[in-house]
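Please read it alongside the sequence and the coordinates shown here.

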Amino acid sequence: MEGRRRGAPGSDEDFSFVSPVVKYLLFFFNFIFWVISLVMVAIGVYARVVKHAEAALACLSVDPAMMLMVVGILMFIITFCGCVGSLRENICLLQTFCISLTVIFIIQLAAGILGFIFSDKARHKVTEMINNAIVHYRDDADLENLINYGQTEFGCCGGATYTDWSQNIYFNCSQSNPSRERCSVPFSCCIPSRNQVVPNTMCGQGMQDMEYNEAGNHIHTNGCIDRMVDWIHNNLFILGGIALGLAIPQLVGMVLSQILINQINDQIKLQNYNLKHTSDPWS
């Protein structure tokens with residue numbers, strides 16, 4: 001519908017309940033996230049098709065590339081409803097946009113509460129994912145770099161302890177293992193020396209054969225699970241800020257769309273009233 005009807009200057013037909021500020025603010029708000037959704041889909045397609053990430057990331061319970069594509073497509077549809085609905089002042093599209101945001105917000109809130117209540121199960125699931133990543137460590141360079149980055153940043157080695165690397169066929173400690181890396185750990189487990197410029201990629205050689213205290217002089221013996229839990233506890237305010245930052249755009253979208261819906265409904269009532277009294281001046 002048109003947001004403003006033309007008529008003689010100063011007449012009631014010039015008046016409109018629909019605010020251009022709300023209308024175009026909602027449009028640009030949706031347009032930004034519409035572009036972001038296209039970027040997410042493009043990255044997901046690249047990781048899935050070009051990089052063949054499904055083989056390397058099979059250790060994860062959810063394929064990140066597929067998740068990016070699904071979330072991107074969902075965002076594209078929702079923001080498309082918001083963009084077109086705000087420009088065309090279409091109540092049906094705006095209601096679809098508002099209801100979708102509300103449902104997503106409730107799901108995110110419920111997931112956060114359930115994750116807090118069932119933290120032990122969430123920890124167990126993360127442990128499984130890390131152990132699976134250890135098994136597939138050599139299958140893909142991207143996964144290998146991701147694990148090395150995580151172990152270096154958190155100062156940890158393995159899931160629960162450094163001997164978890166025996167789950168990998170290259171680092172396995174069995175006598176039948178012919179690998180030169182038998183009973184070793186990745187170089188990212190090593191404690192870097194102060195003057196070290198280039199990392200020693202062989203520093204983890206034979207570390208699983210050592211006792212815990214002896215190995216601790218050369219590598220990080222603590223597992224990454226405990227390090228991640230400690231990091232979460234130490235950065236609760238930052239994580240809370242990120243969660244709030246994700247929630248605010250959704251709340252803004254819901255509020256703006258509902259305001260615009262109410263304004264459009266008021267405008268429709270006004271136009272119906274004007275039409276009725278114009279056609280029947282005696283009523």
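**Briefing on the predicted model**

H1 and H3 are roughly antiparallel to each other, because their axes cross at roughly 155° and angles over 145 degrees count as roughly antiparallel. This is a predicted model. Its secondary structure comprises nine helices and zero strands.

**Overall architecture**

- From the N terminus on, the elements run α-α-α-α-α-α-α-α-α.
- The protein has 283 residues, of which 32% count as buried.
- Among contacts in the protein with a separation of 6 or more, 68% are between residues 24 or more positions apart.

**Packing of H1 against H3**

- Helix H1 covers residues 20-50, and helix H3 covers residues 64-88.
- The axes of H1 and H3 come within 7 Å, and the crossing is left-handed.
- By class, the residues of this contact are 25 nonpolar, seven polar and two charged.
- Arg48 is located in H1 and counts as partly exposed, at 27% relative accessibility.
- The C-alpha atoms of Arg48 and Met66 are 7.2 Å apart in space, while the two residues are 18 apart in sequence.

**Packing of H3 against H4**

- The axes of H3 and helix H4 (residues 91-117) come within 7 Å and cross at roughly 140°.
- This angle makes H3 oblique to H4.
- The crossing of H3 with H4 is left-handed.
- On the H3 side, the contact is made by Leu74, Ile78, Cys81, Gly82, Val84, Gly85 and Ser86.
- On the H4 side, the contributors are Leu93, Leu94, Thr96, Phe97, Ser100, Leu101 and Ile104.
- The contact of H3 with H4 contains nine nonpolar residues, five polar residues and no charged residues.
- Glu89 lies in the loop between H3 and H4, and its phi is near 55°, a positive value in a residue other than glycine.
- Glu89 is buried, with a relative accessible area of 3%.

**Packing of H5 against H8**

- The axes of H5 and helix H8 (residues 224-234) come within 10 Å and cross at roughly 130°.
- H5 and H8 are therefore oblique to each other.
- The crossing of H5 and H8 is right-handed.
- H5 contributes Arg123, Val126, Thr127 and Ile130 to the contact, and H8 contributes Ile225, Asp226, Met228 and Val229.
- The contact of H5 with H8 comprises five nonpolar residues, one polar residue and two charged residues.

**Nonpolar cores**

- The largest nonpolar core has 17 residues.
- Ile147, Cys157, Trp165, Val185, Cys189 and Ile219 have the most contacts inside this core.
- Helix H5 (119-135) and helix H6 (141-154) are the elements that give two or more residues to the core.
- H5 provides the largest share of this core, three residues.
- A second, separate core has 16 residues, including Val18, Leu94, Phe97 and Met254.
- Leu94 and Phe97, which belong to this second core, are also among the H4 residues in contact with H3.
- Beyond its neighbours within four places in sequence, Val185 is in contact with Cys157, Tyr162, Trp165, Phe171, Gly204, Met207, Gln208 and Ile219.

**Individual buried residues**

- Cys183 is found in the loop between H6 and helix H7 (212-215).
- The phi of Cys183 is near 60°, again a positive value in a residue other than glycine.
- Cys183 is buried, with a relative accessible area of 1%.
- Gln250 sits in helix H9, which covers residues 236-279.
- Gln250 is buried, with a relative accessible area of 10%.
- Apart from residues up to four places away in sequence, Gln250 touches Leu101, Ile104, Phe105 and Gln108.
- Leu101 and Ile104, which Gln250 touches, also take part in the contact of H4 with H3.

Technical notes
Residues numbered from 1 in each chain as written. Predicted model: local features only at pLDDT ≥ 70, side-chain atom pairs only at ≥ 80, totals over all residues. Heavy atoms only, no water. Core = buried A, V, L, I, M, F, W, Y, C linked by side-chain atoms within 4.5 Å. Buried < 20%, exposed > 50% of the residue type's maximum accessible area, 1.4 Å probe, protein only. Helix = DSSP H or I, 4+ residues; strand = E, 2+ residues; numbered from the N terminus. Contact = heavy atoms within 4.5 Å. Axes fitted to C-alpha atoms, helices over the stretch in contact; angles between N-to-C directions. Parallel < 35°, antiparallel > 145°, perpendicular 65-115°, else oblique. Left-handed = near helix turned anticlockwise from the far one by under 90°. Nonpolar A, V, L, I, M, F, W, Y, C, P; charged D, E, K, R; others polar.
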